[in-house]
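Dear colleague,

Here is the structure for your files.

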Amino acid sequence: MNRTLRKEYLAALGLDSWVLRKPASASPVGAVANGAIEPVVGADVARESAFDWPELRARVAACTRCGLSATRTQTVFGVGDSNADWLIVGEAPGAEEDRDGEPFVGRAGQLLNAMLRAVGLAREQVYIANVLKCRPPQNRDPAGAETVECMPFLERQIALLRPKIMLAVGRIAAQNLLRTDLPLGRLRQQVHAFGASHVPLVVTYHPAYLLRSPADKRKAWEDLKFAREVFARG
Ligand code: SF4
């Protein structure tokens, strides 16, 4: 990416005065977090494990496993390149996502796009999905039973996609993917391992949070650079 373009993207992040630094030689890339726990493999996963992309999408669209099916406008399956190296995982659809059927639209989506572009990624190059495929009313946190019912869909998406790196945005996504209750601040800036194939997973802030707390955009930028280093090192 040329310097002008990067400056433009950093400006969109509110980081136009930020100076890029070389990666630290003592980067913790390659370490596996102690708190990382592999996802539960149970009956639900077995049920989804044979689905291909079209069938999985159809199953999600028709799903009534939890009460959110009664209040959603539509399910929000995921979007992007089904051969992508990068998988971005958020929490759940909001009002605009519920209306449009696509994750990360609206202002939070625009900020996510800017965050991705800041590390040289177009939205179309990655795959974007949420832990929950239906919107919780009033954007409340997902209930435990809802994530239990819905996670097998995301786990199957991950199995089909086989990403080289995962970026969990926000506390809810990070805690559910890593099966931990550690706060987001303790999950950032380290490489976790997701699943039996140990997909590298990096945690950062949710763009909706960054819109409310722009002072943390610099930390998010550090996380994105860190994720880029992890990906580059394979
Ligand atoms: S949130 Fe997930 S489990 Fe619940 S109805 Fe929607 S797709 Fe099904």
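Helices (H or I, at least four residues) and strands (E, at least two) are DSSP runs, numbered from the N terminus. The model is predicted, so local features need pLDDT of at least 70 and side-chain atom pairs count only at pLDDT 80 or more, while totals for chains, interfaces and linings use all residues. Residues are numbered from 1 along each chain as its sequence is written, and side-chain values use heavy atoms, without hydrogens and water.

Confidence

The mean pLDDT (the predictor's confidence in each residue, from 0 to 100) is 87, and 80% of the residues reach 70 or more. Residues 17-43 fall below 50, yet have 50 contacts (heavy atoms within 4.5 Å) in the model beyond near neighbours in sequence. Where pLDDT is low, the predicted coordinates should not be read in detail.

Largest pocket

A pocket is an open set of points on a 1 Å grid over the protein atoms alone, with protein on both sides within 12 Å along at least five of seven lines; a cavity is a set where a 1.4 Å probe fits but cannot get out, and lining residues have an atom within 4 Å of a point. Volume is the space filled by probe spheres set on the points, which are joined across faces, edges and corners.

The largest pocket holds about 620 Å³. Of its 29 lining residues, Glu91, Ala92, His206, Ala208 and Arg212 lie nearest the centre. Helix 9 supplies the largest share of this lining, four residues.

Largest cavity

There is one cavity of 30 Å³ or more. The largest cavity has about 100 Å³ of space and 15 lining residues, with Cys63, Cys66, Arg72, Cys134 and Cys150 nearest its centre. Helix 6 (residues 144-161) gives the most to that lining, four residues.

Regards
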